[in-house]
Amino acid sequence: MALLNENYLKLQAGYLFPEIARRVTQFCEANPDAAQRLIRCGIGDVTEPLPRAAVDAMHRAVEELAHRDTFRGYPPYEGYDFLREKIAQHDFRNRGMQIADDEIFISDGSKCDCGYILDILGDQNRVAITDPVYPVYVDTNVMAGHTGAATQDGRYEGIVYLPCTEQNKFVPEPPNESVDLVYLCFPNNPTGAVATRGQLSRWVEFAREHHALLLYDAAYESYIRDPEIPHSIFEIPGAHECAVEFRSFSKNGGFTGVRCGFTVMPKAVKGQTQDGRSLPLHPLWQRRWSTKANSVSYPVQRGAEALYTDDGKAQVRALIDHYMGNARILRDAAVGAGLKVFGGANAPYIWVKTPDGLTSWQMFDKMLHELNVVITPGSGFGAQGEGYFRISAFNSRENAEEVARRLQTLG
Ligand SMILES: Cc1ncc(COP(=O)(O)O)c(C=O)c1O
């Protein structure tokens, strides 16, 4: 009989979103009237339609595939040059960062990249992960066998957790011990926190000193409003020798369903072999793509390219303005309801302290039963998330305003 990857059995049962879905379904079945007025501010999925520039570009690309002289088969493994060039130029070189076109690898989303990256990294790395956190970093390490068993508080043995608390404004300083891999995500999901240039510089300094690799998830960079906050780890001098960055078209272009993202893999980033040789990651990443995948479909890559046109940029800005308008409405309403609120200023997530010492799940049930609003319990993102909940600004304006009204009635 085929043997299983038993690391999967270590994963905690009842992953956050299935458990939310279970409670919501149960509530709706028991309360069909309340179910009619249910508003979901839980999962961080976009709600607004795709930018017209992307839609038109995808239509044109599909039409090209319908004709012999413009038909295309397999794309290049690393993505089409037309898209890699636009990304490197607009997102990096125009902003003063020296990133070459061939350091961009197109993928079907940054969630996937966060998992795939482990293919080219060793099994013995000491891994540091912020807490609370986007659960994918932890779970992919569990699946790859990089951790021990789960402990009582939902953590895993072997991971170095970096607590993100009110005291450190949800941005941890580097630890006092040496680690090999560090996952950082700014603007942060779930806390909505952003890291300053000084804070990121300390992480780059740490990585260089300890020969650590920073895995920097910038999926929400387009939500940054404060001009002083870096959009990319590569704005920090020295980062191109110790960092890999994950980016996504999901939350700027609304591509959560279309699927497209990319990794920035600088050629100067190196890892070590068991016998002490220092080798670049870039060729391994290239090899990973050419062996295991065939990139992303041509129409999707054309759609992503269109986000860099003048029209595309304006439409993306309008989408982000829409969600950030929601964030302001929800933030103000939560403050008005007497809640202690974080985030929501440079990120589409509002991180709220539960009142009266309620646990995250008690607050989830209260919001569901009293306001018929679905939020995400903070404890689902890690032990340090206990006592908080996340409100997502991904919604229609009408829903955001209605949630704001209901928050004023919170008992
Ligand atoms: C921090 C973070 N990274 C990555 C992703 C996934 O992005 P994608 O849709 O590109 O896979 C998400 C999605 O919610 C996220 O919150």
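Predicted model: local features only at pLDDT ≥ 70, side-chain atom pairs only at ≥ 80, totals over all residues.
Visitor: What makes the 101 residues a nonpolar core?

Guide: A nonpolar core is a set of buried residues such as Ala, Val, Leu and Ile, joined through side-chain atoms within 4.5 Å. The largest such set here has 101 residues, and Ile233 and Phe249 touch the most other members. Helix α11 (residues 310-336) gives the most to this core, with 10 residues. At least three residues come from each of domain 1 (13-49 + 311-407) and domain 2 (55-309). Apart from it lies another core of 29 residues, including Ile120 and Leu215.

Visitor: How do you know that the buried residues of α9 line one face of the helix?

Guide: In α9 (residues 282-292), His282, Trp285, Arg288 and Trp289 are buried, that is, under 20% relative accessible area. Seen down the axis of α9, the buried residues fall within an arc of 120°, so they line one face. Turned away from that side are Arg287 and Thr291, which are exposed.

Visitor: And what do the buried residues of α9 pack against?

Guide: They pack against β2 (104-107), α6 (110-116), β8 (261-264) and β10 (278-280).

Visitor: Why are β11 and β14 called edge strands?

Guide: The open sheet has 4 strands in the order β11-β12-β15-β14, with antiparallel pairing. Both β11 (341-343) and β14 (376-377) pair on one side only, and that makes them the edges.

Visitor: What makes β11 and β12 a pair?

Guide: Pairing takes at least two bridges, and 3 bridges join β11 to β12 (residues 349-353). Phe342, for instance, has Trp351 of β12 as its bridge partner. Helix α11 lies across β11, β12 and β15 (388-392), at about 155° to β11.

Notes
Residues numbered from 1 in each chain as written. Heavy atoms only, no water. Buried < 20%, exposed > 50% of the residue type's maximum accessible area, 1.4 Å probe, protein only. Helix = DSSP H or I, 4+ residues; strand = E, 2+ residues; numbered from the N terminus. Domains from an automatic or database assignment. Arc of directions from axis to C-beta. Contact = heavy atoms within 4.5 Å. Axes fitted to C-alpha atoms, helices over the stretch in contact; angles between N-to-C directions.
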